[in-house]
Amino acid sequence: MEKLKHKVWLRAAVLLNFILLTLPFVWSLYGYYIYGERVLLFRKGFYLVVALFVILYVAFGHTYNAFSVSYSRISEMVYSQGLALLFANCVMYIVLSLLSLRFVNGLPLLLSFAGELLLAGIWSFLTQRLYFSMFRASKTAVVYEEARDIEGLLMESGLNKKFDV
């Protein structure tokens, strides 16, 4: 039952991440590119462009392990999500330019990237705090050949929250 709770909680947190980080992109797409730049997108086209952004973000995020709450530090998660968002926004700039048949202004996408990065930092911080308050460190035995400072190694890598040696 504990594993099911763990899995459901992590998936819900990652789904919340997808929704939160899509909002600034939707804001820039709907607020600027459709009305300001006159990119011709109708309802289905708008949904497809947003779906493409989400698919790209998820693919790049999984490539860079942006959603591994239990093993990564907050800074690593923000950096990984930032890379995924940067690449997804760059691809979306190309898509929007192709759809409008000219180069569009990239400033709204840069502003949405800044908002996405801010939300990624807030999400990473809050999710990791909630995760480690809900799920305690699991008891672990370490078999190691040489006598080294295992506690120091765990503290240095940040895994002392995840494992209780």
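**Pockets and packed helices**

Q: Which helices each supply at least two residues of the lining of the second largest pocket?
A: H1 and H2 do. Helices here are DSSP runs of H or I with at least four residues, numbered from the N terminus. This is a predicted model, where local features need pLDDT of at least 70 and side-chain atom pairs count only at pLDDT 80 or more, while totals for chains, interfaces and linings use all residues. Residues are numbered from 1 along each chain as its sequence is written, and side-chain values use heavy atoms, leaving out hydrogens and water.

Q: OK, and which helix gives the most to that lining?
A: H2, with 3 residues of the second largest pocket's lining.

Q: Which residues line the second largest pocket?
A: Tyr30, Ile34, Tyr35, Val39, Leu40, Leu41, Phe42, Arg43, Phe46 and Tyr47. A pocket is an open set of points on a 1 Å grid where a 1.4 Å probe fits, with protein on both sides within 12 Å along at least five of seven lines, and lining residues have an atom within 4 Å of a point.

Q: What's the lining like by class?
A: The second largest pocket has 9 nonpolar, no polar and 1 charged residues in its lining. Asp, Glu, Lys and Arg count as charged, Ala, Val, Leu, Ile, Met, Phe, Trp, Tyr, Cys and Pro as nonpolar, and the others, Gly among them, as polar.

Q: How much space is in there?
A: About 160 Å³ for the second largest pocket, and about 240 Å³ for the largest pocket.

Q: What lines the largest pocket, then?
A: Its lining is made of Lys7, Leu10, Arg11, Val14, Gly61, His62, Asn65, Ala66, Phe67, Ser68, Val69 and Ser70. Helix H1 (2-34) and helix H2 (43-63) are the elements giving two or more residues to that lining. The largest share, 4 residues, is from H1.

Q: And the classes in the largest pocket's lining?
A: There are 5 nonpolar, 5 polar and 2 charged residues in the lining of the largest pocket.

Q: Switching topic: at what angle do H3 and H4 cross?
A: Helix H3 (residues 74-100) and helix H4 (residues 107-134) cross at roughly 155°, and their axes come within 9 Å. H3 and H4 are therefore roughly antiparallel to each other, a label for angles over 145 degrees.

Q: Which residues make the contact?
A: Among them are Ile74, Met77, Leu85 and Tyr93 of H3, and Leu109, Phe113, Trp123 and Gln128 of H4. Contact means heavy atoms within 4.5 Å. By class, the contact of H3 with H4 has 14 nonpolar, 7 polar and 1 charged residues.

Technical notes: Grid points are joined across faces, edges and corners, and a volume is the space filled by probe spheres set on the points. Axes are lines fitted to C-alpha atoms, for helices over the stretch in contact, and angles run from 0 to 180 degrees between N-to-C directions. Angles under 35 degrees count as roughly parallel, over 145 as roughly antiparallel, 65 to 115 as roughly perpendicular and the rest as oblique.
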